[in-house]
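Subject: Handing over the model

Hi,

Here is the structure I promised to pass on.

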Amino acid sequence: MRLEGESSNSNGTSRPFANGSGVSPLHKAALSNSANGTRRSSIVMNGSSTTNGHSNSGGKQRMSYFGHDREEVTRILIQALTDLGYNGAAGSLSQESGYDLESPTVAAFRNAVLQGEWTEAEELLFGGSTEEGGVSINGPGLVLQPGVDKNVMRFWLRQQKFLELLEQRDTGRALMVLRSELTPLDQDTGKLHFLSSLLMSQSIDDLKAKADWDGAEGASRHQLLSNLSKCISPSVMLPERRLAILLQQVKRNQISNCLYHNTSTSPSLYQDHACQPDHFPRYPSKDLTKHTGEVWQVQFSHDGKRLASCGGDGTVLIYDVESWDVLQSLAHSEGGICSLAWSPDDTMMVTVAMDKDAVLWNTLTGNVKVRLPRFGQPVSSVAWAPDGQSFITGCLDKEKNLCQWNIRGELTYDWRRAHRIQDLAVSPDGHFLVAMECETHIYVYNFVTRELEYELDLKTKLASVSISQNSRYLLAHNVAGDARMIDLDTRETVRTFRSGEKAGHFVIRAAYGGANESFVVIGSEDGHVFIWHKETGQLIEKLEAHKGCCNAIAWSPTNPSMFASAGDDHKVRIHGRQTI
């Protein structure tokens with residue numbers, strides 16, 4: 001399918017947590033111990049000098065562990081054993097090695113936060129509470145990370161205290177905390193105004209809803225402790241579940257260095273990880289030849305059980321992925337169907353066409369549900385809202401070029417902009433609506449407020465846009481054959497993928513694909529399919545797919561070893577792994 005403005009003579013992982021960030025039987029058990037989850041070894045008890053979780057080992061030589069600091073490794077192992085519930089083994093390791101996981105001061109600080117002893121927690125954290133004669137009972141305080149603002153940490157502690165007093169319906173004391181403890185810290189004025197508004201909460205449930213806070217008996221104290229721990233030196237308070245994080249980093253590094261990694265299964269720790277090229281979908285396995293014209297678009301249903309294709313012959317064909325039999329043939333347009341989109345539950349589909357038409361179909365019966373009022377110019381693109389109750393159309397006209405419709409066919413919003421839309425995409429989380437005009441500009445809207453957040457001029461005529469499943473990255477493909485991965489929040493280009501083959505004057509759709517969307521895949525005017533590793537930007541495969549332009553590629557959402565490509569040779573080609 002040609003880009004607007006061209007002549008038409010051809011080719012129309014679970015985040016680990018600790019340090020109190022989650023409520024678990026282990027932490028509850030730890031609270032019953034004098035060291036609050038850390039076991040003091042007999043070597044460092046009764047007057048021996050211990051600070052920040054370290055032990056004085058006298059003249060004992062500290063040998064490294066294969067180039068790693070022995071104390072760091074031991075303390076991490078003690079923490080991991082405790083996290084795994086092997087408290088006896090953790091205690092034995094602590095006693096035999098002479099290393100404590102944490103000092104008594106750290107353990108007391110942890111206990112103070114989790115028990116809501118706010119004055120004691122501040123004194124332990126920053127030092128204070130002196131006896132007569134100027135001797136500090138709680139010591140000089142804990143060592144903090146460089147550059148940490150102590151008042152920010154105080155604000156977090158006192159904010160929790162304020163909220164818990166409101167939860168107890170002790171409004172008078174809460175007001176005193178707000179005035180005499182929080183306000184003098186000179187923190188965010190807007191935050192202070194918000195906290196003061198909570199004094200008017202009608203009920204405890206109202207308070208929790210407004211503050212997005214689950215109360216003293218929920219996870220709020222544990223989350224507070226986790227936030228505070230990030231500001232404390234790791235030599236003092238070991239970061240949460242450190243061994244699990246290190247192991248995740250090892251796995252991520254092995255995956256990023258595995259060019260053909262295409263499985264959602266986590267690699268084993270027993271051996272180094274490497275995927276075999278023959279398991280990658282680099283081989284043609286099936287050609288679908290039912291179309292009588294160029295195929296412009298191809299999309300799998302969200303459940304991966306059906307595949308839909310459309311193009312210049314004006315029909316949509318829906319295939320069964322197991323047998324590749326045609327389940328439905330939806331006749332729509334004499335001028336050709338530009339694009340299609342499955343509803344989130346796969347029961348409906350919207351098709352948009354060159355003949356200025358847009359139709360909502362029942363994909364199970366093949367019947368028309370709604371036919372939208374005729375547009376003034378070809379309808380170029382369509383995308384569903386994540387809730388499945390509405391969809392957005394893009395049109396090449398100067399009016400009604402970006403509109404939202406409900407499933408009854410009623411216009412619910414018209415952005416009323418002058419841009420002529422060639423392609424569009426909605427982020428899976430429902431935050432962004434990205435509209436690509438028929439030249440060089442991209443418009444990024446807040447889909448909730450419908451306001452324009454920003455505009456990008458990419459300086460080169462564009463061919464397509466798509467958004468990653470995590471709603472973070474935009475993929476913008478241009479006619480020079482380059483695709484730019486752009487962070488939607490920072491607006492920065494993260495990576496550029498260059499095929500070296502121009503898209504010419506055609507709409508060629510780039511996409512993310514594979515397990516965990518590990519790849520970027522793009523067709524070309526010469527019929528090739530290019531596949532890059534998303535994280536490294538390395539070109540993995542250049543496959544011969546079609547005679548003539550390869551217009552679109554769709555990767556199966558449920559089978560990472562299969563993708564489909566659409567071409568001007570009237571074919572939909574299915575690509576898979578090597579079969580014996």
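This is a predicted model: local features need pLDDT of at least 70, side-chain atom pairs count only at pLDDT 80 or more; totals for chains, interfaces and linings use all residues.

Residues are numbered from 1 along each chain as its sequence is written, and side-chain values use heavy atoms, with hydrogens and water left out.

**Helices and cores**

The largest nonpolar core has 21 residues. By nonpolar core I mean a set of buried Ala, Val, Leu, Ile, Met, Phe, Trp, Tyr and Cys residues joined through side-chain atoms within 4.5 Å; buried is under 20% relative accessible area, exposed is over 50%, and partly exposed is in between (1.4 Å probe, protein chains only). Phe-109, Val-113, Leu-125, Met-153, Leu-157 and Ile-232 have the most contacts inside this core. Two or more residues each come from α4 (104–115), α5 (118–126), α6 (150–167) and α10 (220–229). Helices (H or I, at least four residues) and strands (E, at least two) are DSSP runs, numbered from the N terminus. Apart from this core lies another, of 17 residues, with Val-350, Phe-375, Phe-391 and Cys-403 among them.

Leaving out residues up to four places away in sequence, Phe-109 touches Ala-121, Leu-124, Leu-125, Leu-142, Leu-225, Leu-228 and Ile-232, where contact means heavy atoms within 4.5 Å.

Now for α4 against α10. Their axes come within 8 Å and cross at roughly 145°; axes are lines fitted to C-alpha atoms, for helices over the stretch in contact, and angles run from 0 to 180 degrees between N-to-C directions. The crossing is right-handed (a crossing is left-handed if the near helix is turned anticlockwise from the far one by less than a right angle, and right-handed if clockwise). On the α4 side, Phe-109, Arg-110, Val-113, Leu-114 and Gln-115 meet Arg-221, His-222, Leu-224, Leu-225 and Leu-228 of α10. These contact residues divide into six nonpolar, two polar and two charged, with Ala, Val, Leu, Ile, Met, Phe, Trp, Tyr, Cys and Pro counted as nonpolar, Asp, Glu, Lys and Arg as charged, and the others, Gly among them, as polar.

As for α10, eight of its ten residues are buried, including Arg-221, His-222 and Leu-225. The cover over the buried residues of α10 includes α4, α5 and α6.

β26 (residues 528–533) has six of its six residues buried. His-528, Phe-530 and Trp-532 point one way, and Val-529, Ile-531 and His-533 the other.

β26 pairs antiparallel with β25 (residues 519–523) over five bridges, two strands being paired if DSSP finds at least two bridges between them. Here Ile-522 stands opposite Phe-530. The β25–β26 hairpin has four residues between its strands, and Gly-527 in the turn has a positive phi of about 85°. β26 also pairs antiparallel with β27 (residues 539–544), again over five bridges, and Val-529 has Leu-543 as its bridge partner. That hairpin has five residues between the strands, with Gly-537 at a positive phi near 75°.

Tyr-283 has Gly-576 in β30 as its bridge partner.

**One residue to look at**

Is Thr-412 buried or partly exposed? Thr-412 counts as partly exposed because its relative accessibility is 38%. Thr-412 sits in β15 (residues 411–414) and touches Gln-404, Trp-405, Asn-406 and Arg-450, again leaving out residues up to four places away in sequence. Arg-450 itself takes a positive phi near 70° in the hairpin of β18 and β19.

Cheers
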